[in-house]
Every structure is written in structure tokens, then in C-alpha cells.
Amino acid sequence: MDMPVNQKAPLNGVLRRGQYTEEQLAALHRRMSAAALRRRRIKTSVLVALNVVVALFILFPLLYAVSVSLMTGSELFTMDMNLIPSAPTLENYLRAWAQVPLLRFILNSFLVAGCITLGQILTCSLAAFAFSFLNFKGKNVLFMLVMATMMVPGEATIISNYLTVSQLGILDTYLVLILPSLTSAMGIFLFRQFYMTFPISLYESAKLDGCGNLRFIVRILLPLTKSAIGAMSVYTFINAWNMYMWPLLVTGSQEMRTVQIGISMLDNTDAQSITLMMAGVVSVIIPSMIIFVVGQKQLIRGMFSGAVKG
Amino acid sequence: MNQLRQRLAEVSPYCYLIPCFAVFGMFLFYPFFKTIYLSLFLTDKLGKAKIFVGLKNYSDLLTSESFYNSILVTLIFVVIVVFGSMLLGLATAVLCSKTFPGIRAFSTAYALPMAIASSGAAMIFKVILNPTIGVFNKLTGLDINWISDPRYALICVAVLTAWLNSGINFLYFSAGLGNIDESIYERASVDGASGVQKFFRLTLPGLSPIIFYTLVVNIIQAFQSFGQVKILTQGGPGESTNLIVYSIYRDAFFNYKFGSAAAQSVILFLIIMALTLVMFKVEKKGVKY
């Protein structure tokens with residue numbers, strides 16, 4: 001409401017020429033701002049409505065899966081429209097959890113994804129530290145080598161990797177699930193990107209005070225780059241949780257199956273098992289979804305603060 | 001003593017690289033060269049290289065109709081996936097570019113597909129596309145057996161993959177939109193530019209670096225899709241969804257033709273590498289920073 005005061009002088013000029021009274025002018029002003037407000041409100045509601053439609057479209061497969069998982073088999077098998085269960089039941093979940101050891105699968109996946117995440121943070125931060133704080137021969141060549149690994153699709157090496165681990169006799173163990181994923185070029189790149197913005201003087205003064213490199217990493221560098229670690233953890237954990245091809249190849253026994261392979265055991269198209277299958281799918285999507293929703297802010301802040309400005 | 005210490009200081013930087021290079025060495029560099037080596041041999045059932053055949057695995061592939069089919073199917077698949085997922089990501093990012101009540105919830109919804117596994121998503125789509133009870137036929141009133149029809153199976157897998165990949169694209173594009181200077185829009189508004197003009201003249205050029213980055217990442221990712229094919233179609237019906245990665249898997253672990261599978265892996269790598277290099281060449285010309 002400061003605007004009219006600022007515009008008083010020119011408005012007065014108009015006033016004299018157009019013979020408007022103060023009241024008329026004020027009324028006009030109110031009408032115009034009301035119109036602007038209405039326009040803004042309409043714009044916002046259109047935007048919200050559009051977003052609701054698109055969000056429903058994007059989330060539809062998930063919502064439908066939840067809905068089916070709460071239906072009874074007979075309710076699903078009709079020709080009528082059945083988007084929402086008429087009598088929601090958790091029975092499918094109880095039966096799915098009884099039929100396959102879902103808890104075991106989930107624990108396996110948590111263990112594997114947790115170890116991979118921890119391992120990647122460790123190996124990537126050490127390597128990124130060397131690449132950004134230390135000087136040594138061949139640094140650039142080695143860094144290019146790391147970046148070049150991003151170009152090699154995992155599928156191009158998967159056969160040889162399978163042959164390697166089967167020769168080592170470590171098939172069907174946690175080790176074989178974890179080991180190949182213990183480092184990643186993306187992680188090194190992300191951490192290096194963060195460390196490059198880190199004041200080098202802090203490193204030098206720590207060094208003068210007799211702080212060793214390892215202690216510098218643990219006590220100063222890691223605590224100060226928490227957002228990068230957060231982003232990296234969320235991203236790595238979700239990817240490890242969702243791994244499919246490698247666990248499919250290297251696990252054989254039911255005890256070693258991870259969730260993604262485990263739920264395919266529920267994959268059956270006979271009448272009763274579709275609802276069961278959806279209950280299983282929803283059960284294993286929930287953990288990764290929770291981690292994503294909780295960590296989303298970290299992920300965005302860490303991934304995009306300078307890392308992919310193009 | 002001093003000399004020893006100096007030596008130590010020279011060597012110590014490499015120690016920080018040992019863990020990561022040990023893993024890379026064992027599971028990336030070594031298998032990479034071993035794959036090339038294997039592709040020159042006939043193997044036994046355990047994957048041991050037995051008979052050196054030179055480039056015969058490659059020449060067999062290049063004369064096999066099935067392999068050309070795989071390449072063609074993969075290319076169509078990649079085009080649909082990349083186009084679909086980028087469009088979806090861009091549209092959702094634009095929808096969330098101006099703040100409004102509830103924007104946090106909507107952004108989470110748009111990014112959510114990135115948290116979902118290909119296997120779980122494939123099982124959900126299997127139900128949605130089920131010809132008798134699936135909700136898709138019911139909603140559209142169609143009566144199509146989507147997954148068992150060679151005309152539609154590939155599109156189904158591609159749409160599923162586009163949906164899965166759209167989440168991270170939303171994040172990329174949102175970050176890109178956040179980097180565009182707001183004031184250019186204001187100036188354009190003053191000059192009387194319409195919303196559509198602003199989008200094509202300001203938003204898209206402003207996004208071009210991130211569009212390029214996303215394109216590269218998406219193409220590489222799309223080439224590697226596997227779980228959804230394995231669960232939804234197993235490469236079928238016929239060979240209509242036999243993507244190259246699935247074909248590698250089938251040759252190696254069902255037919256035990258490790259040599260041929262290795263040759264396909266090498267070709268896959270070469271295709272991705274060539275595409276990446278071409279894109280970087282194009283980028284130098286086309287992308288404005």
C-alpha cells in the first residue's frame with residue numbers, strides 16, 4: 001500500500017485533467033488491485049489443478065499397486081471398474097510375508113545397501129581427497145581414468161565379473177553382492193567437486209599444526225562436507241537397494257536373495273497371487289521410498305550445488 | 001632417515017587411491033579387457049576360453065538377423081525412453097518452477113519414480129496391463145493384450161522405463177530452471193512476450209547445458225535397461241523386446257555362449273562410447289552457455 005503515495009504526483013496530474021475525485025480514484029485503485037489479485041488467484045489455482053492432475057498421473061502406478069494390494073482376489077477379478085478396494089484388507093500382506101521370507105530379503109538388502117553406501121563414502125572420499133588436496137605424479141591421468149569408467153556400462157563387464165567371482169568361489173555370499181560396488185566414479189567426482197570449494201588454507205594450517213592427512217579427513221573434511229555425504233548416501237543406498245541384474249546372477253539360495261529378486265518369486269499370474277504380488281512389491285518399495293522422502297532435501301542440495309551446472 | 005621420510009611423502013598420495021583403484025581394477029578394468037579377450041574365443045560352459053576364433057564371434061553377429069533386430073529394437077527403445085522421460089521431467093519441472101501452495105509435496109511426487117526399482121515397477125505394470133483385469137484396458141475401453149502383442153510390447157517396456165527415469169530428470173531440470181536468471185523473464189514480459197515465446201526463447205536456451213547433460217545420462221541409462229525386460233517380457237513376444245543387454249544375458253547364461261555375449265558387450269560399449277563422443281562434438285557447436 002506504499003505505491004499510491006509514491007505515485008501521488010503523476011496521479012494528481014491525471015486527476016486534474018480527468019476530473020476524478022480522490023474517492024473515485026481510490027475506488028478505481030481498489031478495483032484494479034482486486035482484479036489483479038483475482039487474476040493471480042486464478043493463475044495459482046490453475047497451476048495447482050494442473051499439478052494435481054500430473055501428480056496423479058505420475059503416481060498412478062504406485063497408488064494402483066497399493067490399492068490392489070488391499071483388495072481380495074475376488075474383488076480384483078471382475079470386469080467392472082475397481083480402482084479402490086471396497087473392503088480394504090491387510091490379508092495379502094500377511095500372506096505375502098508368510099509365503100516368502102520377505103523379512104529376510106529386506107534385511108539382506110539393508111545389509112548389502114548399507115555396506116555399499118558406507119564403503120563408497122569411504123573409498124570415494126579418500127580418493128577425492130587425494131585428487132583435490134595432494135599433488136603427485138600422474139594425478140590428471142588417474143583422474144581421467146576414473147572419469148572414463150563412467151563410460152563403461154556395467155553390462156559390458158558383467159559376464160567377466162561373474163566368471164571372476166565364480167572362480168573365486170564366493171558366489172551366493174554377501175561379499176559378492178557388496179564387493180563390486182564398493183566404489184563409484186560418480187561418488188569420487190561429486191566429492192571432489194565439493195572439496196575443490198574447500199578453503200585450502202584450512203588444510204595447510206591444519207597441516208602446520210601437525211594434523212595428519214587421515215586425521216584431517218576424519219576430523220575436519222568429512223564433518224564439513226556433510227551435505228555431499230548425505231546426497232551420496234541417499235543416491236547410493238537407493239541404487240543399491242534397487243540392484244537387479246547382479247544379485248540375480250550371483251545369488252542362488254533363498255537366504256541370500258535381495259528384495260528385488262525375492263519379490264519376483266511372488267511373480268505369478270494365477271488368480272489369487274496378483275494381489276499377493278502387489279503386497280510384496282509395496283512392502284519393498286516402502287523402505288526405499290521412506291529413505292528417498294526423508295533424504296530428498298539432502299540429495300538435491302548435495303547433488304546440485306555446483307556439481308551439474310553443465 | 002630423511003630420505004625415507006621423503007619417499008614416504010611421495011608415495012603416500014597413492015595410498016588414498018588404493019581402495020578405489022583396487023575395486024576398479026578388479027571389477028572394471030580387468031573384466032573390461034577380459035571381455036574383449038573372451039570375445040575372440042569359443043568358450044566352454046564354465047566360461048573358460050577354449051578355442052581362439054579371432055573375429056568370428058563378431059562376424060557371426062554381424063551376419064545374424066537376430067543381432068540386427070536387437071540393435072534396432074534397442075535404438076527404438078532408447079529413442080522412446082529418452083524422449084518420454086525427458087519430456088516428462090521437463091514438464092513436471094516447469095510445473096514446479098513457480099512457487100505455489102503444496103509445491104514440496106508435488107516435487108516429491110515428481111521425483112519419486114527414481115526411488116523405485118525396475119523389478120517392482122515391472123510387476124506393477126504387469127498388473128496394470130493385464131488384458132482381462134488390468135486397469136489400463138478398463139480405463140481406455142480397449143481390449144489389447146499389451147505385453148503379448150509384438151506390436152505393443154516394446155512400447156510398454158519403453159513407457160515403463162521412461163516413467164522410472166523421469167524422476168531424476170525432474171531433479172536435473174528443476175536445478176537447471178533454478179539457475180536461470182529471473183530478471184530476463186521480467187524484461188521479456190515488459191517487452192510483451194507471451195508465455196509460449198518465453199518458454200521457447202528463454203527457458204529452453206537457458207536450459208540447454210542441463211538438457212545436454214541429461215540427454216547423455218539418459219541415453220547411457222536407457223541402453224542399460226534390464227530388469228523391466230526380464231520381468232515384463234523376457235525379450236518376447238518373438239524377439240520384439242530382445243534389447244541388447246537382455247540378449248547378452250540370454251546368450252551368456254542360458255545358451256552359455258560367453259564368447260558371443262562378450263562380443264555383444266564390446267559392441268554395446270562401442271555404441272555408447274561413439275554416441276557420447278558424437279554428443280560432445282555436437283555440444284561444442286550447439287549448446288550456449
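**Helix packing, chain contact and confidence**

Tutor: In this predicted model, the axes of helix H6 (residues 102-133) and helix H13 (residues 226-241), both of chain A, come within 9 Å and cross at roughly 140°. Axes are lines fitted to C-alpha atoms, for helices over the stretch in contact, and angles run from 0 to 180 degrees between N-to-C directions. Helices (H or I, at least four residues) and strands (E, at least two) are DSSP runs, numbered from the N terminus.

Student: Why is H6(A) called oblique to H13(A)?

Tutor: Angles under 35 degrees count as roughly parallel, over 145 as roughly antiparallel and 65 to 115 as roughly perpendicular, the rest being oblique. The crossing at roughly 140° therefore makes H6(A) oblique to H13(A).

Student: Which residues in H6(A) meet H13(A)?

Tutor: Ser109(A), Val112(A), Ala113(A), Ile116(A), Thr117(A), Gln120(A) and Ile121(A) do, and their partners in H13(A) include Ile229(A), Met232(A), Phe237(A) and Trp241(A). Contact requires C-beta atoms, placed from the backbone, to lie within 7 Å.

Student: What makes H6(A) and H1(B) oblique to each other?

Tutor: The axes of H6(A) and helix H1 (residues 2-38) of chain B come within 8 Å and cross at roughly 140°. The two helices are therefore oblique to each other, and their crossing is left-handed. Among the residues in this contact are Leu122(A), Leu126(A) and Phe129(A) of H6(A), with Pro13(B), Tyr16(B) and Val23(B) of H1(B). The classes are 12 nonpolar, one polar and no charged residues.

Student: How many residues of chain A are in contact with chain B?

Tutor: There are 69, and they touch 72 residues of chain B. Elements that each supply at least two residues of the side of chain A include H3 (22-69), H6 and H16 (273-304). That side has 50 nonpolar, 16 polar and three charged residues.

Student: Why is chain A called more spread out than a compact globule?

Tutor: The globule rule is 2.2 Å times the number of residues to the power 0.38, and the radius of gyration is taken over C-alpha atoms. Chain A, with 16 helices and zero strands, has a radius of gyration of 29 Å, well over the 19 Å that the rule gives for 310 residues, so it is more spread out. Chain B has 24 Å, whereas a compact globule of 289 residues would have a value near 19 Å.

Student: Where does pLDDT stay under 50 in chain A?

Tutor: pLDDT is the predictor's confidence in each residue, from 0 to 100. It stays under 50 over residues 1-13 of chain A, for which the model has two contacts beyond four places in sequence. It is also below 50 over residues 306-310 of chain A. Where pLDDT is low, the predicted coordinates should not be read in detail. The mean is 83 for chain A and 85 for chain B. The model scores ipTM 0.83 and pTM 0.84.

Student: What conventions apply to this predicted model?

Tutor: Residues are numbered from 1 along each chain as its sequence is written, with chains lettered from A and ligands numbered from 1 in the order in which they are written. Local features need pLDDT of at least 70 and side-chain atom pairs count only at pLDDT 80 or more, while totals for chains, interfaces and linings use all residues.

Definitions and conventions
Nonpolar A, V, L, I, M, F, W, Y, C, P; charged D, E, K, R; others polar. Left-handed = near helix turned anticlockwise from the far one by under 90°.
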